Amino acid sequence: MTDTSKKNQIYELIRANPFISQQDLAIELRLSRSAVAGHVAGLIRERRLLGRAYVLPDKRPVMCLGAANLDRKLRTLDRLQMGTSNPASAEEVFGGVARNIAENLARLGLPVALLTVLGDDAAGRALQSHAEEAGIDTRGSLRLLDTCSGTYTAVLDERGEMIMALADMQLYDTLTPQFLASRQPQRAAAALTVADLNLPRESVRALLQDARRDSAPLVIVAVSQPKMNRLPADLSGLRLLILNRSELETRVGRALPGAAELRDACRQVREQGAHHIIVTCGGAGVYYSVGDGLAHLPAHEVRTVDVTGAGDAFAAAVCWSLYQGDDDLKLACRRGLKLAAMTLESDATVSPLLGPDVLDEIHDFDLSQAISTYFHQD
């Protein structure tokens with residue numbers, strides 16, 4: 001291998017993870033550390049590198065970890081009939097819980113980084129390009145050769161309500177604790193970490209251990225009932241858990257038909273270590289922990305166009321509020337309801353109306369209205 005090719009390999013590794021150490025570079029390329037240092041010095045002389053990547057205190061990003069998919073949405077043109085062919089429209093958009101949250105936050109004006117895994121296919125290249133255009137830093141993400149990127153296929157009825165969804169997301173099992181450890185310098189630079197439950201269980205456990213050790217704020221967003229088993233029994237270190245009613249039922253192993261049952265279930269989860277919890281309940285609004293109890297906000301009545309991404313928008317607005325240093329969960333949920341409503345009224349997974357000032361004024365939003373659908377996240 002020539003010096004030029006070694007230098008190019010080092011450049012690509014640094015581009016993927018600007019916080020990688022020279023020792024890690026040496027191990028990755030089977031070179032001596034002094035040889036790596038020489039190549040790095042050469043890259044700096046060539047102005048291909050301007051020095052190590054440092055993050056200024058006032059620019060610390062939100063770190064999002066989890067899925068970035070190609071979402072396929074199939075929508076029936078008339079009432080769905082099972083067991084036969086139905087006329088439908090089809091479209092492909094960019095999705096994934098972590099990616100959706102990251103795009104919402106970027107369009108709200110926050111610095112955002114995304115740690116995910118992409119295949120070496122056209123979808124992976126398109127996902128990365130779109131993220132960069134939206135202002136999302138993906139340099140630390142994992143890229144797999146001879147692998148297809150994650151896909152999520154949703155079947156919607158003529159009203160835009162989801163009937164079912166299918167997810168091909170096994171590649172996210174490569175986001176192991178070892179991968180997270182390799183990105184520790186980049187993760188440590190974050191002001192807030194948001195992880196979805198597409199991560200393996202052991203990786204979620206590692207994030208909780210890091211949060212306990214570093215006292216860094218960690219938010220976990222559930223994605224589906226089947227993946228609730230990726231949430232460890234011990235939740236100590238968790239700043240906030242966001243999930244819907246059915247996911248909470250899966251967690252506690254029983255039906256939660258009313259507010260009293262929800263309150264008891266939330267108390268149980270908080271006893272497992274979660275500091276705060278938010279439960280989205282569709283037309284019944286949202287419940288959030290306050291003190292030792294549970295408070296409620298009604299949802300907003302909207303003309304639903306498409307439910308895809310509404311739950312992710314809600315979570316993003318809550319995280320935006322936490323990033324501002326505001327610990328008021330009521331205000332955070334109000335902001336979440338506003339962003340969710342905007343998303344429900346759009347045919348896009350992330351509302352094109354988002355901008356840095358969208359959440360600045362919240363008092364003029366009518367809280368007496370009610371959302372007509374459940375939040376969905378995957």
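Author: On a 1 Å grid over the protein atoms alone, a pocket is an open set of points where a 1.4 Å probe fits, with protein on both sides within 12 Å along at least five of seven lines; lining residues have an atom within 4 Å of a point. Points are joined across faces, edges and corners, and a volume is the space filled by probe spheres set on them. The model is predicted: local features need pLDDT of at least 70 and side-chain atom pairs 80 or more, while totals for chains, interfaces and linings use all residues. Residues are numbered from 1 along each chain as its sequence is written, and side-chain values use heavy atoms, without hydrogens and water.

Reader: What volume does the largest pocket have?

Author: The lining of the largest pocket has 26 residues, and among those closest to its centre are Leu13 and Arg183. The volume of this pocket is about 710 Å³.

Reader: Which element gives the most to the lining of the largest pocket?

Author: Helices (H or I, at least four residues) and strands (E, at least two) are DSSP runs, numbered from the N terminus. Elements giving two or more residues to this lining include strand S5 (117–119) and helix H1 (3–16). With five residues, the one that gives the most is H1.

Reader: Is Ser351 buried or exposed?

Author: Ser351 lies in the segment after helix H12 (329–344). Buried means under 20% relative accessible area and exposed over 50%, with partly exposed in between (1.4 Å probe, protein chains only). Because its relative accessible area is 1%, Ser351 is buried.
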